[in-house]
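The structure is shown first, and the notes follow by topic.

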Amino acid sequence: MHGPASSGWLLVALCAVTGAYCLARMRSGTEGQRSAAGGEALMGFGMAAMAVPAAVFTPPGWAWPVYAAVFGAAGVHALWAARAGAHHLHHLVGAAAMVYMSVVMAGSPAHAHGQGGSGVPLLTGALLLYFAGYALLTGVRLVPVAAVAGGAGPAGWGDRPEVARACRLSMAIAMVAMLLTL
């Protein structure tokens with residue numbers, strides 16, 4: 001992604017830590033936590049890789065089609081998993097956003113994003129609205145969960161719904177930042 005290096009590195013750190021936590025959630029004793037954690041870990045690490053500042057590392061031309069293929073496969077998996085739960089539809093939108101960003105990055109010259117005066121493309125605007133709305137909704141839902149979970153007793157790190165929601169919130173905010181710098 002293009003933009004200031006400091007914000008790029010902050011996005012890399014945020015997404016990598018989120019991906020690592022999602023890997024830890026895959027060891028949860030709760031099936032619902034394990035099923036969503038793998039896709040969220042892939043999303044976190046993929047976003048971290050895409051957020052590396054272009055001034056530091058510019059991926060080779062073949063990397064963007066690989067990103068698109070990996071996240072396209074993740075989107076197909078999310079579509080298949082959506083039969084079991086509607087939460088996977090969010091994973092589908094996230095994977096589609098990653099495919100979209102990969103295609104845009106592959107099809108444009110380096111450092112040319114956000115220039116040209118054409119404004120925000122319709123799909124970018126729709127994704128921005130979705131992820132901003134998701135971040136707001138998740139943030140609102142996070143407050144009551146933290147208050148209720150406080151007296152529930154000790155739970156493993158992979159079984160804490162408020163931390164999982166905080167990770168989803170951080171990834172939604174990171175997605176908004178990445179879409180803004182596209």
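In this predicted model, helices H3 and H4 are roughly antiparallel to each other, because their axes cross at roughly 165° and angles over 145 degrees count as roughly antiparallel.

**Packing of H3 and H4**

- H3 spans residues 63–81 and H4 spans residues 87–106, and their axes come within 8 Å.
- The crossing of the two helices is left-handed.
- On the H3 side the contact is made by Trp64, Tyr67, Ala68, Phe71, Gly72, Ala74, Gly75, Ala78, Leu79 and Ala81.
- H4 contributes His88, His91, Leu92, Ala95, Met98, Val99, Ser102, Met105 and Ala106 to this contact.
- By residue class, the contact of H3 with H4 has 14 nonpolar, five polar and no charged residues.

**Nonpolar core**

- The largest nonpolar core holds 32 residues, and those touching the most other members are Met47, Met98, Met101, Phe131, Met175 and Leu179.
- At least two residues of this core come from each of H1 (5–25), H2 (31–50), H3, H4, H5 (122–149) and H6 (161–181).
- H6 gives the most to the core, with eight residues.
- Apart from its neighbours within four places in sequence, Phe131 is in contact with His90, Val93, Gly94, Ala97, Ala172, Met175, Val176 and Leu179.

**Val143**

- Val143 lies in helix H5.
- Val143 counts as exposed because its relative accessibility is 59%, and the cut-off for exposed is over 50%.
- The C-alpha atoms of Val143 and Glu162 are 8.3 Å apart, with the two residues 19 apart in sequence.

Methods:
Residues are numbered from 1 along each chain as its sequence is written. This is a predicted model: local features need pLDDT of at least 70, side-chain atom pairs count only at pLDDT 80 or more; totals for chains, interfaces and linings use all residues. Side-chain values use heavy atoms; hydrogens and water are left out. Axes are lines fitted to C-alpha atoms, for helices over the stretch in contact, and angles run from 0 to 180 degrees between N-to-C directions. Helices (H or I, at least four residues) and strands (E, at least two) are DSSP runs, numbered from the N terminus. Angles under 35 degrees count as roughly parallel, over 145 as roughly antiparallel, 65 to 115 as roughly perpendicular and the rest as oblique. A crossing is left-handed if the near helix is turned anticlockwise from the far one by less than a right angle, and right-handed if clockwise. Contact means heavy atoms within 4.5 Å. Ala, Val, Leu, Ile, Met, Phe, Trp, Tyr, Cys and Pro count as nonpolar, Asp, Glu, Lys and Arg as charged, and the others, Gly among them, as polar. A nonpolar core is a set of buried Ala, Val, Leu, Ile, Met, Phe, Trp, Tyr and Cys residues joined through side-chain atoms within 4.5 Å. Buried means under 20% relative accessible area, exposed over 50%, partly exposed in between (1.4 Å probe, protein chains only).
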